[in-house]
Amino acid sequence: MDSQPNRQKLKIMIMNDEEDILTLYNDYLSSKGHQVIAKYTDASDIRDDVRTNTPDVFIIDYRLPGAKNGIDAAVEILTTLPTAPILFVTGDESALSIVSKDPLLSNSKVMMLLKPVKMRRLEETMLELVNGHAPVLID
């Protein structure tokens with residue numbers, strides 16, 4: 001039973017190249033009452049989907065297959081939805097430097113967690129991000 005019956009329920013889009021991570025995030029966040037409205041293994045279709053089904057928050061891995069990485073996807077998202085909250089979850093520490101040097105990303109609702117991430121921490125950070133601008137964070 002949920003110990004916080006009034007907990008905020010969010011619509012989430014997740015982008016990660018590992019199917020098992022997508023499943024883990026989906027199952028955990030769904031069990032907490034959130035709705036995962038889309039999952040992606042690459043960044044190719046994100047722009048069109050964002051226009052038709054806008055989530056409350058995006059969870060994005062930095063390293064993705066194909067021509068676009070997670071930062072490229074975030075820039076596309078923010079170009080369409082300038083106030084979109086984006087949570088990067090990555091094992092690549094160099095992504096923090098890239099995000100902090102990009103004016104669009106560093107002045108937006110963007111946070112970063114470094115893998116491995118406990119699921120509870122993922123949800124807490126996601127809620128913090130949605131409920132108020134937080135600085136770029138690496139944990």
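Predicted model: local features only at pLDDT ≥ 70, side-chain atom pairs only at ≥ 80, totals over all residues.
Me: How do Glu124 and Arg120 pair up?

Reply: Side chains of opposite charge can pair when their charged atoms come close. For a salt bridge, a side-chain nitrogen of Lys or Arg must be within 4 Å of a carboxyl oxygen of Asp or Glu. Glu124 and Arg120 form one, with their closest N and O atoms 3.0 Å apart. Both sit in helix H6 (residues 119-131), 4 residues apart, which is about one turn of the helix. By the salt-bridge rule the count comes to 5.

Me: Which others can I look for?

Reply: Glu76 is buried because its relative accessible area is 14%, whereas Lys68 is partly exposed at 26%. Arg121 and Glu128 also meet in a salt bridge, at 3.9 Å from N to O. Arg121, at 23%, is partly exposed, and so is Glu128, at 41%.

Me: What about Lys109: buried or exposed?

Reply: Lys109 is buried, yet has no salt bridge. For charge, Lys and Arg count as positive and Asp and Glu as negative, with His and the chain ends not counted. The nearest side chain of opposite charge is Asp56, 9.6 Å away. What the Lys109 side chain does reach is the backbone oxygen of Val130, at 3.2 Å. Find Lys109 in the loop between helix H5 (103-106) and strand S5 (110-114).

Me: How are helices and strands picked out, and how many are there?

Reply: They are DSSP runs numbered from the N terminus: H or I over at least four residues for helices, E over at least two for strands. Here you'll find 6 helices and 5 strands, in the order β-α-β-α-β-α-β-α-α-β-α. The radius of gyration (taken over C-alpha atoms) is 14 Å, close to the 14 Å from the globule rule (2.2 Å times the number of residues to the power 0.38), so the protein is as compact as a globular protein of that length.

Me: Which residues touch the most others in the largest nonpolar core?

Reply: A nonpolar core is a set of buried Ala, Val, Leu, Ile, Met, Phe, Trp, Tyr and Cys residues joined through side-chain atoms within 4.5 Å. The largest one has 25 residues, and Ile46, Phe58, Ile86 and Phe88 touch the most other members. H3 gives the most to this core, with 5 residues. A second, separate core has 22 residues, including Leu10, Ile14, Tyr28 and Met111.

Me: What does Phe58 touch?

Reply: Contact means heavy atoms within 4.5 Å. Not counting residues up to four places away in sequence, Phe58 touches a list of residues, among them Met13, Ile46, Ile77 and Ile86.

Notes:
Residues numbered from 1 in each chain as written. Heavy atoms only, no water. Buried < 20%, exposed > 50% of the residue type's maximum accessible area, 1.4 Å probe, protein only. Polar contact = N/O pair within 3.5 Å; in protein donor to acceptor, adjacent residues only side chain to side chain.
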